[in-house]
Amino acid sequence: MNVNSVPVIDIHELGNADTLALLDEACREWGFFQVIHHGIPEALIRNIFDAAQQFFSLPADTKRKIERSRDNPWGFYDQELTKNVVDWKQIYDFGPANGDVMRPQWPNGVPGFRSAVQAYYRQCEQLAFRLLAAISTNLGMRPGYLSQGFGSNHTSFLRLNYYPACPRTPGPEQNTGKQGEQLGVGPHTDAGALTLLLQDTQPGLQVYKDGVWHAVEPRQGAIVINIGDMVQVWSNDRYRAALHRAITHADKVRFSIPFFLNPSYRANYRPLPTMVSEKQPPRYREINWGEFRERRLSGDYADYGEEVQITQYRLSA
């Protein structure tokens with residue numbers, strides 16, 4: 001495995017011992033990897049990129065007709081925060097309905113948008129659970145163990161990201177990277193279990209490892225996977241959710257499409273019994289996903305105080 005670039009893993013035979021070993025190493029060393037031969041049809045990938053490009057090209061007032069709110073996270077938004085700093089991007093989020101308020105919103109004027117989003121969501125859902133089963137195996141549990149807290153009412157969601165060209169010089173209150181780069185999204189880890197990301201051909205995603213920001217280069221036909229805070233807790237820090245960010249460019253736009261695998265709001269999680277011993281006691285207290293997610297969402301939507309981090313759930317040494 002190249003120590004200076006994010007691993008690429010062929011998962012055609014995901015249950016194979018050699019493949020599982022590569023997956024374990026990638027989770028331990030990077031928290032990030034790319035997968036090929038993942039089974040998602042190329043036609044669906046083209047359709048979801050076409051849908052994203054058509055949607056974000058709509059007039060601003062049309063997009064804002066389906067703007068998300070603090071109570072309903074599904075829809076359009078262009079003021080999302082990362083650690084209380086506004087991101088340089090526009091998003092559209094689609095996820096499951098929950099009650100009368102939290103419901104998907106669909107735009108007018110984009111034929112085929114709804115079918116493209118729903119079809120791609122289903123494909124990501126299947127792939128994510130395959131990967132979760134492999135991680136469960138690598139952590140010493142049966143393949144279906146980690147998916148128990150998900151079920152039909154899991155809270156996974158699909159996001160369309162649009163990073164406009166950013167020709168201006170960043171101001172003091174904006175996210176900036178090395179040499180004044182404008183960040184589309186500042187450094188963060190993902191809250192849930194796994195993230196599956198489609199990139200277009202424009203570089204922008206970076207992951208932090210060994211004190212250096214590494215570019216995750218776009219690869220034709222590949223999907224980028226990163227583990228989230230939940231896997232870090234399950235593994236009792238064997239696997240670490242890696243810091244990552246996205247940069248923008250002065251003269252080019254960028255699209256990316258992440259799927260976030262999240263459990264039921266009622267799910268509780270803690271370090272797995274296979275990851276705990278007398279020499280390696282649990283490092284986290286039990287966490288309720290609904291409570292953690294609500295606090296994280298409040299920090300994403302507006303500056304309602306300190307954005308919750310998984311470190312706040314650590315047990316004292």
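This is a predicted model: local features need pLDDT of at least 70, side-chain atom pairs count only at pLDDT 80 or more; totals for chains, interfaces and linings use all residues.
## Aromatic pairs

A pair of aromatic rings is described by the distance of the centres and the angle of the planes. The count for this model comes to 19 aromatic pairs. One of them joins Phe-55 and Phe-56 in an edge-to-face arrangement, with 5.0 Å centre to centre and 70 degrees between the planes. Phe-55 and Phe-56 are both buried.

Phe-56 also pairs with Phe-255. That pair is tilted, at 6.4 Å centre to centre and 40 degrees between the planes. Phe-56 belongs to helix α2 (residues 42-56) and Phe-255 to strand β14 (residues 254-261), so the pair ties together parts that are 199 residues apart in sequence. The relative accessibility of Phe-56 is 5%, so Phe-56 counts as buried. Phe-255 is buried as well, with a relative accessible area of 9%; the cut-off for buried is under 20%.

## Aromatic cluster

Which residues form one aromatic cluster? The members are Phe-55, Phe-56, Phe-76, Tyr-92, Phe-94, Trp-106, Phe-113, Tyr-121, Tyr-162, Phe-255 and Phe-259. The cluster therefore includes Phe-56 and Phe-255, the two residues whose pair links helix α2 with strand β14.

## Charged groups over rings

Two placements of a charged side-chain end over a ring are given here. The charged end of Arg-68 sits over the ring of Tyr-77, at 5.4 Å from the ring centre. For Lys-209, the charged end sits over the ring of Trp-30, and the distance from the ring centre is 5.0 Å.

## Aspartates with positive phi

Asp-210 has a positive phi, near 55 degrees, in a residue other than glycine. Asp-210 is placed in the loop between β10 (205-209) and β11 (212-215). Is Asp-210 buried or exposed? With a relative accessible area of 68%, Asp-210 is exposed, since the cut-off for that class is over 50%.

Asp-237 is not a glycine either, and its phi is positive at about 80 degrees. The loop between α5 (229-234) and β13 (244-247) holds Asp-237. Asp-237 has 8% relative accessibility and so counts as buried.

## Surroundings of Asp-190

Asp-190 lies in the loop between β8 (183-188) and β9 (194-199). Its relative accessible area is 8%, so Asp-190 is buried. The side chains of Asp-190 and His-188 are joined by a polar contact of 3.4 Å.

What is Asp-190 in contact with, leaving aside its neighbours within four places in sequence? The residues are Thr-195, Asn-226, Gly-228, Asp-229, His-244, Phe-260 and Arg-296.

Strands of a sheet pair through backbone hydrogen bonds, either parallel or antiparallel. An open sheet in this model has eight strands with mixed pairing, in the order β1-β2-β12-β9-β14-β7-β6-β3. At its edges stand β1 (8-10) and β3 (75-77); each has a single partner strand, so one side of each is left without a neighbour in the sheet. On average, neighbouring strands of this sheet are turned by 25 degrees against each other, direction ignored.

β9 pairs with strand β12 (residues 223-227) in the antiparallel sense, over four bridges. Leu-194 has Ile-227 as its bridge partner in β12.

Note on methods:
Residues are numbered from 1 along each chain as its sequence is written. Side-chain values use heavy atoms; hydrogens and water are left out. Rings of Phe, Tyr and Trp (its six-membered ring) pair if their centres lie within 6.5 Å; planes under 30 degrees apart count as stacked, over 60 as edge-to-face and the rest as tilted. Buried means under 20% relative accessible area, exposed over 50%, partly exposed in between (1.4 Å probe, protein chains only). A charge sits over a ring if NZ of Lys or CZ of Arg is within 6 Å of the ring centre and within 35 degrees of the ring normal. A polar contact is a pair of N or O atoms within 3.5 Å; within protein, one must be able to donate a hydrogen and the other to accept it, and residues adjacent in sequence count only if both atoms are side-chain atoms. Contact means heavy atoms within 4.5 Å. Two strands pair if DSSP finds at least two bridges between them. Axes are lines fitted to C-alpha atoms, for helices over the stretch in contact, and angles run from 0 to 180 degrees between N-to-C directions.
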